[in-house]
Every structure is written in structure tokens, then in C-alpha cells.
Amino acid sequence: MIGGVESCVRELGKTLLRSKRCPPLLVRHESSKSPEPLKNSFEQPSLSTPLPGLKKARYATTREEDNVTEVTTFPNGLRVASENRFGQFCTIGVIIESGPRFEVAYPSGISHFLEKIAFHSTVKFKSKDSILHYLEKHGGICDCLASRDTFIYASSADRRGYDSVVNILSEVILQPLVTHQEVDLASQYITFELENLMSRPEQEPLLMDMIHAAAYRNNTLGLPKICPEQNIKAIKRDTILAFMKNHFTPSRMVVAGVGLEHKQLVESVQKHFEDKKPTWDGMTKKKVDNSLAQYTGGLVMDECKIPQHMGPSGLPELAHVVIGLEGCSHTDPDFIPLCVLSVMMGGGGSFSAGGPGKGMYTRLYTNVLNRYHWMYNATAYNQTYSDSGLFYIHASAPPSNVRSIVDVLTREMAAMAGEVDSVELRRAKTQLQSMILMNLESRPVMFEDIARQVLAIGHRKLPATFIQEIENVSKGDIERVANRLLKSQPSVAARGDVKKLPSLSDIQAALTDKEKGSFRKGRISLFT
């Protein structure tokens, strides 16, 4: 019986071999019991011998002195900055001194509209699809991002297609058609986005606008980034073009690139940017508002019902409170110590996997999230601009704990001016240094760093400079910066069921109480 099975298997193997459906590696001859290897149809190269005909390998350098950011300024004020980097791909973009803070003479929300119509039809490219197809030839992608004081158009592609990328950037920035159809479509996108924001439990975008509105009431940085609903219909094609006419000018732009030769980028920018007439050519130019940001402090409150998380998360309805203080600009001597203080405060959500690298030993984790079970989030932020800054902490908890949220946050903020532990300072400095170096390993992040620094100060400081400045921060620097923060009028933003929110004067009194960090009218129970 067994012999019959072996015979069947042998015949099946011969049949498969003849049909070439299953070429076996070993074939057993009839006259011999030992297997014999079957030669492959092609010879496998040896892994220990270099392949013939290949060019000599080029290896990336990690020496920082070889990575120099070159800057060229054109006669019209346009700046071109680049840094070569090993790799097949490059990132090229344009940063513009524009954004919501400059919309004081316009309906707020123009920058929001510009984000939606970016990389759409131009004089040369008649649709967004034609731009994307053009980029696909070089494996490219594109994106657009508006912040409160800048606007960025950028694209990453194969470095051999750098000239095509610069051509596209010049088209979408200087010669967009901005058709009525595109503006109407952007209106629909923004309307849907606002409805979506109101129906989601995540409140960060809304709260960021609210805390800036409280800190800089009705001026510059306090103007909204998200287009207000009442302004959607007021923003038309002519409004957008008038804004671009005044703010999309060469002297307010920096073209930055990472991963290509500086000479190549300069020549390409000169070819595509200098002689191109903008879409708004001939329109009347107005004076640009360059007012300095005026920090005011104040309270912005929105009593509403915040949607709960969908699904079986079990999270309750939450109320959100943000308390902010006036920070400093990125050119201020206290900028680096304030960044270290922000990392020292840290924080995050009530659940986070990971160890010290995730900030689990920061003050807001150890003193707040690990101590009060009802606190679902407590996170410190530090926003810096060219002329001002905003340091704030965002916390969320059930509505019944709103007063307790304020008590806990004010005590932690008041304690910032107290004694600093050597271990926590060392940990915060190391974490900030590692964050900078790890982020700069990404080419798009490096592009943005070059673009923002050249726009702000005309050149780029090397990472080693910031690493050393962080290393020089002392306990006295942290205490001095904390006292500087606490001298400012507080800014407060609250959203949700926040009827129990204390008054602004009570919050200010609690921040100045360094001994208790609680309200002078009587201590609030943390478990109300």
C-alpha cells in the first residue's frame, strides 16, 4: 500500500515538472536515491561580490558644518533660502507674511478661504486635477497651511523635477484664477467644516480661536482663524484678490527648499517668479496693517452642549477651560527658558501609553492627571509670534467640576514661580532637545524651520545653537520667566456647560496667591 502511494506521488511530480507548473528544487533520478539540485533558469548573484557596472556609492554626511543654509535676496525683496540634503526627494515651498492677524480691514476668514482654494485653477493649469497630474510625473504631493501670521504653500517631489515644482508654486501664488465657482465651493466646504466642528467632541480648534480672542481682543492675533459663519457669504472673489494684492508681495515672501543645490533653486525662482504678472495686476493697492499685537487679557465664554464621544468609550459630557498668560516673542531673550518651562509643565490626556519620552513625568501628569480622577485632559501650550506670545493650559472635566478645574490650574500656574527641582529641569531640557533634533530629521519640518527663520530674522540658526541655549537654562531663568508670566492679566476661554466658572477677577487673585494658588475668597473643594 505504501509503495503504491510513493509511485503515485512520483508520477505526479513528473507530470508537474513536464507542465512547468511547479518547478521543484530537487529531482530524484530513477537509478539513484540521492537528490540532485536543479539549476535555476538564471544565475543568482553573490551577496559578497559588488554588482558590475554600478556607480560608486554616495553616502549621506551627518556633519552639521556641511549643512549650511544659503540665502539670496532679489532686488524686489524676494528671498530664496535652501539647504542641500542627501536623498532622492526635495521639498520646496513659499512662506508668506500673511494670515488672519492681517485681516483687520477685511472680513475675517479670508485665510480660511485661501486654504480651500489653494492649488486650484491658474492661468497655465486649468484645474486642480491638472496640477496633481503634473506633480505625479515627479512623484510629488502638495499642501497649503495658514497660521495666524504666515501662509505656506509647499510641495515634495523627486529632486529632478524641482523646476516643475517651482513653476507650479509660482502659478498658484501669483496667477490663480480664483473663479466664482471655486469661491462658492470653498463656501460649501467651510460651512460643512463648521457644522462638523460643532458636532465633534474635540474642541481644540475652537478653543484656540477663543483663547486668542480673549488675549488679544479685537486686534491682530485675536482675529479668528476659522471663518465666522456670518462672514461666509460676505467673502467674494474680489475680496480675496484684494487681500492677495496687498499681502502676496515679493518683500513678504521667502522661497525655501531642502534637498537641492542653491544655484538651481535661485535660477528656477528667477525664471518663474520675477517676470510673472499676478492675477490682481492693476487693482488698487492698500496700505498693509502692520500693527503690533496688543495683549489685553479677558474672558470669552460659550455656554453650549458639547457632543459626547460616539461608540462604547463611556466618556461623559465634558466642559473645557483654558487659562492663558502673556508669553514672549521668538526674538525675546526669555523665549528658550519659556519653551523649557512649557515642556516641564507638559501634560496630555488622561490615558497615554509610554514612559518619560511621552511626558509622563511632567508636572501636569504627576500633580493633576494622576491625582484627580475626574480630570480628562490637562495640557500646556506655548504659542510664539514675532511681537508677542501666549502661554496657556487647556483642561477638561465633567461640568460639575468646572470650579475645581480652575482651582487646580491656578494652583499649578502659581507654583511655576516656586522652587524648581534639578531632576525635572534636566528632564525637560533633554526632552526639548530631543524633540528638536528628531523633528528636524523630517525634510518637510526642516523646510518649514528654514522658511520661518529666514522670514523672521533673515537667516537660519543651526540646531546646535538652540541645543546650547537650552543647555544654558538655569533654575533662576525658569523662576524669572514664571514670575513674568504671572504678572500679566489672565486670559480665559471656556466652552460647554460652564455656568460654575469663577469670575475673571477671582482667577487673577488665585494666580497671584503663591502660597496656596487658590481663591482668596475661600478655598474651593477639589471634589465638588
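The points below cover a helix, the cavities and the aromatic rings.

1. A word on the basis. This is a predicted model, in which local features need pLDDT of at least 70 and side-chain atom pairs count only at pLDDT 80 or more, while totals for chains, interfaces and linings use all residues. Residues are numbered from 1 along each chain as its sequence is written, and side-chain values use heavy atoms, with hydrogens and water left out.

2. Have a look at helix α9, residues 335-345. Of its 11 residues, 11 are buried (under 20% relative accessible area, with exposed meaning over 50% and partly exposed in between; 1.4 Å probe, protein chains only). Among them are Phe335, Pro337, Cys339 and Met345. Just after α9, Gly346 takes a positive phi of about 60°. Helices here are DSSP runs (H or I, at least four residues) and strands are E runs of at least two, numbered from the N terminus.

3. Now the cavities. A cavity is a set of points on a 1 Å grid over the protein atoms alone where a 1.4 Å probe fits but cannot get out, and its lining residues have an atom within 4 Å of a point. The structure holds 3 cavities of 30 Å³ or more; a volume is the space filled by probe spheres set on the points, which are joined across faces, edges and corners. The largest has about 90 Å³ of space and is lined by 13 residues, with Ile117, Ala118, Tyr153, Val172 and Pro176 nearest its centre.

4. The second largest cavity has about 50 Å³. Its lining includes Val343 and Met344, which are also among the buried residues of α9. Helix α12 (422-439) gives the most to this lining, with 4 residues.

5. Which tyrosines form a stacked aromatic pair? Rings of Phe, Tyr and Trp (its six-membered ring) pair if their centres lie within 6.5 Å, and planes under 30 degrees apart count as stacked, over 60 as edge-to-face and the rest as tilted. By this rule there are 10 aromatic pairs. Tyr381 and Tyr392 form the stacked pair, 5.2 Å centre to centre with 25° between the planes. Tyr381 lies in strand β12 (residues 377-384) and Tyr392 in strand β13 (residues 389-397), 11 residues apart. Tyr381 is partly exposed at 26% relative accessible area, whereas Tyr392 is buried at 3%.

6. Finally, Phe119, Phe151, Tyr153, Phe248 and Trp280 form one aromatic cluster. Tyr153 also lines the largest cavity.

Key:
On a 1 Å grid over the protein atoms alone, a cavity is a set of points where a 1.4 Å probe fits but cannot get out, and a pocket is an open set with protein on both sides within 12 Å along at least five of seven lines; lining residues have an atom within 4 Å of a point.
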